[in-house]
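Let's take a friendly walk through a ligand site and the strands that follow. The structure comes first, then the contacts.

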Amino acid sequence: MISAQSSYVPRLLPLRLPRVCLVVTGTDPAEMVDKAEALARDNPFLEFRLDYLPRPALALVKVKRFLEMHPYVTTIATCRRVANGGKFRGSVASQLDLLAKASNAGCHLLDVELQTAAKCKPAQLQRLRTRAALILSFHDYRATRKLEETLKTMVAHRADFYKIVTTATTLSDNVAMMKFLETHSDKYSLIGLCMGEPGIISRILGVRAGSVFTFAAVSPGEETAPGQVTAQELRSVYRIEQVDAATRVYGVAGDPVSHSLSPVIMNTALRRENVNGVYLALHAKTLKDLLTCVREIPIHGLSITMPYKEAILKHLDNTDSHSTKIGSCNTVVRAQDGKLYGFNTDTAGVVRPLEQRLPLEKAKVLVLGAGGAARAAVFGLKERGADVWILNRTVGPAKKLARQARARSIKRADLKKLTFDVIINATPVGMGNTRESPLNENEINARYVFDMVYDPAETRLMKMAKEKGAQVIPGIEMFVHQAARQFEIWTGKPAPWDEMLRVVTIALQDRAAAKNESRKK
Ligand code: NAP
């Protein structure tokens with residue numbers, strides 16, 4: 001335990017602080033401290049957000065008792081003023097008074113905003129440091145800018161830690177934050193990260209760039225800053241405790257990406273196969289931003305999703321034959337020489353589940369749709385010797401694809417006359433609901449029906465197909481197979497297919513349950 005009086009508290013603290021500090025809030029002191037009680041065993045580093053309480057001073061007796069009972073827990077006391085992004089409505093003097101009392105109660109670190117420091121006398125700040133370490137903090141809720149200037153202003157005040165939290169509006173903002181941390185963390189004990197959805201990179205990789213620690217939410221819905229991740233996610237999905245200089249960075253890039261299941265499935269695979277890597281959701285609002293980030297971070301592998309699957313092609317140094325034929329790329333590898341290579345694993349996503357069930361040579365397959373996923377299916381199936389028919393809402397793209405792939409396009413009216421071995425839905429019809437289907441019941445004449453849509457887990461098309469006696473292949477299988485192929489390309493290891501399917505199935509079930517729950521409310 002740290003001796004509260006010692007002047008070496010501040011010097012030693014950075015050496016013993018865990019990487020993750022959980023931010024504890026509450027509507028009253030009992031709720032806040034009860035939460036801390038529940039967290040203490042597995043989380044030795046907590047921040048009490050006293051400003052969330054209507055009367056923060058009333059919490060200090062309970063905080064003191066909590067710290068006496070849990071001497072191994074290190075705590076930050078924060079009472080951020082409204083003007084600086086917090087909830088405390090009191091004056092600077094009352095804020096400082098409260099923090100002094102928090103240190104008397106045993107809190108080891110006190111967070112004071114730069115704006116507060118600018119308003120008080122140096123002696124007032126230094127008095128706070130007699131019993132606890134001082135974190136001087138600055139929050140920019142709009143952008144990531146002027147990091148150097150901000151630090152210069154901050155270090156004019158003597159503190160033990162300097163915390164700069166900005167807002168990422170681009171992925172490149174993370175690069176700026178991490179370069180800043182790398183440059184200055186030798187000289188100062190820094191805490192740095194970017195808020196906002198694009199800031200996830202800095203939340204995970206900031207600690208290896210030099211941030212002493214990072215912040216986490218206790219649970220979903222308890223975030224105290226935009227883009228904040230839960231401690232559970234930081235530890236078990238992103239394995240933040242293991243991130244080091246050798247950790248390879250992967251990610252799914254698109255706009256939007258917040259609902260992607262790829263981080264869950266890929267981080268599971270990396271952990272299971274003992275690959276020192278982390279996979280992040282990269283919300284890229286422009287391709288230029290994404291490419292800058294890939295080079296600067298550097299990022300070792302990317303899953304590319306909407307809307308960049310086609311546009312990325314011309315920025316790659318080379319592509320495999322599938323990507324070239326299909327005209328879209330969903331997988332990028334950054335080689336050691338920095339060159340970017342593109343692959344399309346959607347073909348594997350379609351072909352592998354089918355090959356496990358039937359021979360594809362001469363199989364009669366109907367593909368619904370003529371977009372990117374349909375193109376991957378058609379070229380992949382033709383390569384395996386299947387006879388392929390294409391039906392699309394708009395005739396032109398179907399005809400064009402049929403010509404390019406030496407397949408046939410058909411009209412919907414002709415469907416009733418034909419039977420197929422496989423029907424594949426490569427349109428978004430049926431996504432997010434159980435009402436819509438791309439085909440009517442009397443048009444489903446096939447042994448197998450493969451729906452690329454994977455949310456909901458059972459679509460209307462799949463339900464009708466089952467009722468007609470067809471075997472169904474859920475879109476989740478395509479999702480797992482294309483991800484497994486990406487994993488193999490990036491790591492050279494066989495993908496843990498079963499485990500990937502298991503976690504993504506659970507994630508979809510959880511999502512459906514959450515949707516039902518919110519419908520009930
Ligand atoms: P895309 O390039 O936008 O193509 C969409 C295709 O669907 C087009 O041919 C479009 O026809 C057709 N379409 C769109 N809305 C329609 C409607 N209301 N009725 C009939 N046809 C309609 O999209 P994509 O990338 O190919 O993706 C297609 C679907 O496959 C999506 O649901 C996607 O989520 C799914 N997918 C799943 C996986 C997986 O891993 N399971 C992988 C990739 C894609 P027009 O030419 O007439 O516009």
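Of the 20 residues around the ligand, those that come nearest are Ala 370, Ala 373, Asn 392, Thr 394 and Met 452; a residue counts as near if one of its heavy atoms lies within 4 Å. This is a predicted model, in which local features need pLDDT of at least 70 and side-chain atom pairs pLDDT 80 or more, while totals for chains, interfaces and linings use all residues. Residues are numbered from 1 along each chain, and side-chain values use heavy atoms, without hydrogens and water.

The table gives polar contacts, meaning pairs of N or O atoms within 3.5 Å.

| Residue and its atom | Distance to a ligand oxygen atom |
|---|---|
| Gly 372, backbone N or O | 3.0 Å |
| Thr 394, polar side-chain atom | 2.3 Å |
| Phe 479, polar backbone atom | 3.2 Å |

On its own the ligand has 920 Å² of accessible area, and the protein covers 72% of that (Shrake-Rupley method, 1.4 Å probe). Two or more shell residues come from each of α15 (372-383) and α18 (475-491), with α18 giving the largest share, three residues. Helices are DSSP runs (H or I) of at least four residues, and strands (E) of at least two, numbered from the N terminus.

Now to the strands. Four of the five residues of β16 (residues 387-391) are buried, so this strand is largely enclosed by the rest of the structure; buried means under 20% relative accessible area (1.4 Å probe, protein chains only). Strand β15 (residues 364-368) pairs with β16 in the parallel sense over five bridges, where pairing takes at least two DSSP bridges. In this pair, Val 365 stands opposite Val 388.

Key: Polar contact = N/O pair within 3.5 Å; in protein donor to acceptor, adjacent residues only side chain to side chain. Buried < 20%, exposed > 50% of the residue type's maximum accessible area, 1.4 Å probe, protein only.
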